Amino acid sequence: MAHIVMRDVQKRFGNVEVIPGASLEIKDNEFVVFVGPSGCGKSTLLRLLAGLEDLTAGAIEIDGERVDHLSPSRRGLAMVFQSYALYPHMTVRENMSYALRVARTPKAEVEAKVREAAEILQLTEYLDRKPKALSGGQRQRVAIGRAIVRDPKVFLFDEPLSNLDAKLRVQMRIEITKLHRRLKATMIYVTHDQIEAMTMADKIVVLNEGRIEQMGAPLDLYNDPDNKFVAGFIGSPAMNFFDGTVTARDDAALTVELSDKTKVVYPCANPGQAGVGDAVTLGVRPENFHFDGGDEPAIKGEVYAVERLGGETYLYLQSTAGHETVVHAVGDHEVAVGDQVAVNFNPARNHLFDPQGRTIR
Amino acid sequence: MTAMTDADFRRAIRARTLRRNLWLAFLLLPPMAVMFIFIFLPMGSAVLYSVYEWDGLVRGDFVGLENFREVLFEPQKSKFLFNAFKNNVIVFVSVMVVQNGLALVLAMLLAREPKGYRFYQVVFFLPVILSTVIIGFQWKLFLNPVFGLVNNLLRAAGLDSWALPWLGLPETALPSMILVNAWHWVGFPTLVFLAAIHRIPKDYIEAARLDGASEWRIARDIIWPLMAPAVTIIVVLTFIGAFNWFEIPYVMNGLEGAPGYSTDMLGLLFYRTAFGSISATDSDFGAGSALAVLIFLFIFTVSLIFTRLLTAREIELA
Amino acid sequence: MNKRHTFTAKAVLAGAAMMVGSSAVAQTELDFWSWRQEDVAAYNEIIAAFEETHPDIKVTYTAHPATEYNTIIATALAAGEGPDIIHTRSYGGLEVLAKPGYLEPLDEQVDMSLIGDVAKIGTTLRADGHVYAVPFASQTVLVFYNTDIFAAHGLTPPETWDEFKAVATQLKEAGVIPLANGSAEGWMLEIMSGALLPNFYGSEFFGEVTSGATDFEDPRFVGALEKMAELKEFMPDGYQGVDYATMKQLFASGAAAMFVGGSFEIPGFRDAGVNFDIIAGPAAEAGGERMVATWLDGGYGVNAASENKEAALEFARFTASQEFGQMLTDKLGNISPIEGAVSSDPTLAKISELQGASTPYIMLVAYRFNTPTGSTLIQNGLQEMFAGSKTPAEVAHDVSEGIKASE
Ligand SMILES: Nc1ncnc2c1ncn2[C@@H]1O[C@H](COP(=O)(O)OP(=O)(O)OP(=O)(O)O)[C@@H](O)[C@H]1O
Ligand SMILES: [Mg+2]
């Protein structure tokens, strides 16, 4: 039950402008993931929302009410820190119940809530332990439990799984998703992890240097990025980029010549976004390459590395179009280092970016 | 090139271990020697001296525990010991409450980095680096009943009845000295506490803030328990300092704990018993050494107990 | 082991003497140690006078820091070394050296007939009754008064207790602090008691109390304390906090008209430029005794293990002579206990005159040997009395009990 609106939120630390201005709306019960390179302001944005930092300008509303003047605890949010921030001198029970005890909740109610949360998170048998005596995953669950008992309208997670090993991360990811379904609360989640972002989010917010580059459903961002930054950031391995020049333009397509003279005809609705002679960038995802030949344009190059994962194979090419190129192939592809290969791609399924990095649609 | 045998490897390892041990010994020897010469030797000789009778500096007969019996059980002598002990206890408790309590409050305030906190940090710490003797002397002048600053200020403020002979009354002499001590030393525990607070990850405090804890609850529930190691250090140092308290009472009210032994301390009692005071007593090394041994044993034992009890309370910061 | 050591040393010395034995006059060299660093020049002059009449003896005066002197001399003597002539402390300080046998008993070898008995108490070992050093200088407790203030208010120095209080009252009414003394430092209270108590408890009391015929709960002593307690109102405001330095400053600056102190204050007050004179403590009533309390500062002793004992004794005899006493008075401004040593300085001359009726400074002279010392007891007691926490009778009781327990 929380509808969050951030209106032109700005934050500067001294003279360092960290968030030059961000506006965003989060619907009730939505699972929103903030992604972006390190230092782009994800944590800062989360902390502004939580009230741990004061806004320099702008406004934050929750369910139509201004909250940016309220103290953190009165905004109805709970936060799970990357470091867990479990109070080391308190037992699991005390950690989980601290907020309730501070709020002078009746003892029986505290006990009931802690027990319920502990059951959800399978922590019942650890209630009397100190955090030091728990594994990383257990600590993570306590941190979440501490948030759950407060019945917050909004959960904030700042890279909560980054300290866990890969297997635990998968497990916790699923648990958090289940929790989201069960609690029906709004969740905002900061991560570096592509898979977390893609699998958990209802909506991904891509941040770059404190600016929101794009927000939308994970597959929308994947399939239809607004710009080169989002295109490059979403998807793993990242999209391949090739520099090219527009050599011809008609009503429905642009002809682009890559540095190795390969000609690519890129069909689009607004070819007017670029002119003949413009330097543009062609983006091809690794999984959009195929070996079927035909008359589709091809990238040629020498294989300098191969990664065989059994179910799939990644080829690394030093391509004649000037860039290192990653190619994804299904199955165990027969190729060796040093081989000269040509990989084809369908221009219509790829992306072209104008000199400003905007997608030409 | 011949291949190395297992024995060769073992020999090499032994040689390496030996080299490391020699190096360690080389590093440890000087401090050990210093410890021996300046701590164990005097301690040992104090124990030795305490079981002999003394004529001034001349050792007389072996008397066993006679010196201890005298200082502990002969009413005319033990009353000084117990009076001084009582005063040391008062000093310890008051310093804990006044000086360390103030230090805690200051540290909590400074930790929030108010405007100009660096300036205050320096100001509070400044008296610590001044000489205790100079501070004692300076405050003795400030507290002078005739032309001292304190009483002049009080009189100027119309509080004539407050212009007391602070150091001359049995009720005010010791409290005055304790306040002077607090003025002198408060910066030290403040700094230690401040460092301890800074060592607490900010996350804990932010988590508590999100949990709805007031500043007071954060201080009480989070910061205070997590400062435990610093508190242990300060309690033990305060204890040792309080029971070895000497300079300020000596400089301000003399070797006899004036007025009427109301500011007498174990240190003063030991000093004037062992070495005599020009104006009232001659030296008695036997009784003095017995006192030194008793004082040492007491401080050592209690410090140990304090350390044990308090470290049990400490929490490793994750 | 000590003895053998000394013996070896003697043998070596004897050998050395034989090898150089041909030199014309065998001069005996004497070492003389003291703590009086401020008196080096004067002592060298005095020694020169001695050497004139004793060409075969050469004396070297060495002064050690006063605060370390006791330790230095005791350590040296304990090691079987030390000088031939020792400037000793008095009373308990003397016993520390005399009891272990480091000092030569002098009463049968040195003529001390010019020295009074009160002074000799200071260098007598109570255990055997022998005198171990020739007394050198005495200190006297006096009442100092500011002659300018007295003249300005038309006052004459008080003779009796009633006069003393009348003068004090008049001064107080005139806005002058009558008495500079405060009670912050116990030893200064003891000094004050030295000037005020004896004329109330009388000349007999010392002998009776030290012999055990009476104790400190004697009504004479209690009565004397009661009188002393009456002075509170004439002391500075906040006198409980007035320390030694403040007292001297009050008197030297002319803020206070009178000051009870030791004769050792004279040079300081002279330097401060205050015009003052001295009187003995007031008599209990008109025609009553007017004694001053005195104590001995130290003496000249002879090292019992000295190689040159005869020469050292010769020097000791010199220190008991009238000639020496006169030099001590003239060159050092000390008050010599030697009869016939008269000072040209009127103040010193006056003290010598006042000493005609003297009484031992009781706690230092007689009760400084056991723990707790009489000084400890009286200082503490007086402080409590001036703080109002104990009555004179209670103080007397505590002192009496303490002294009995220490014996
Ligand atoms: N208290 C502060 N004072 C000054 N600069 C700060 C402060 N906190 C953050 N910054 C700066 O703001 C920028 C954004 O920081 P933020 O922690 O929000 O990044 P982030 O996106 O969470 O990065 P990461 O993925 O590494 O956690 C960084 O350049 C950082 O150095
Ligand atoms: Mg971050």
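Which residue of chain C forms a salt bridge with K140(B)? The partner is D243(C), with the closest N and O atoms 3.3 Å apart. This is a predicted model. The rule finds one salt bridge across the interface of chain B and chain C.

Helix 3 of chain B, residues 75-111, gives the most to the side that touches chain C, with three residues. That side of chain B divides into 14 nonpolar, eight polar and six charged residues. Polar contacts between chain B and chain C come to three residue pairs, both residues at pLDDT 80 or more.

The size of an interface is often given as the accessible area lost when the parts come together. Here are the values for chains B and C.

| Item, chains B and C | Value |
|---|---|
| Residues from chain B in the contact | 28 residues |
| Residues from chain C in the contact | 39 residues |
| Buried area | about 2,500 Å² |
| Part of the buried area on carbon and sulfur atoms | 61% |

How do the chains pair up? Two pairs of chains are in contact, and chains B and C share the most contacts. Chain A and chain C are not joined by any contact. Their closest C-alpha atoms lie 50 Å apart.

Chain A carries an annotation from its record. The unreviewed UniProt entry places "domain: ABC transporter" on residues 4-234 of chain A. Over that stretch the chain is 36% helix and 26% strand. The end C-alpha atoms of residues 4-234 are 24 Å apart.

Technical notes:
Residues are numbered from 1 along each chain as its sequence is written. Chains are lettered from A and ligands numbered from 1 in the order in which they are written. This is a predicted model: local features need pLDDT of at least 70, side-chain atom pairs count only at pLDDT 80 or more; totals for chains, interfaces and linings use all residues. Side-chain values use heavy atoms; hydrogens and water are left out. UniProt positions are given in the numbering used here, feature names are shortened, and annotations may be inferred rather than shown by experiment. Helices (H or I, at least four residues) and strands (E, at least two) are DSSP runs, numbered from the N terminus. Contact means heavy atoms within 4.5 Å. Buried area is the accessible area (1.4 Å probe) that two parts lose on being put together, summed over both. A salt bridge is a side-chain nitrogen of Lys or Arg within 4 Å of a carboxyl oxygen of Asp or Glu. A polar contact is a pair of N or O atoms within 3.5 Å; within protein, one must be able to donate a hydrogen and the other to accept it, and residues adjacent in sequence count only if both atoms are side-chain atoms. Ala, Val, Leu, Ile, Met, Phe, Trp, Tyr, Cys and Pro count as nonpolar, Asp, Glu, Lys and Arg as charged, and the others, Gly among them, as polar.
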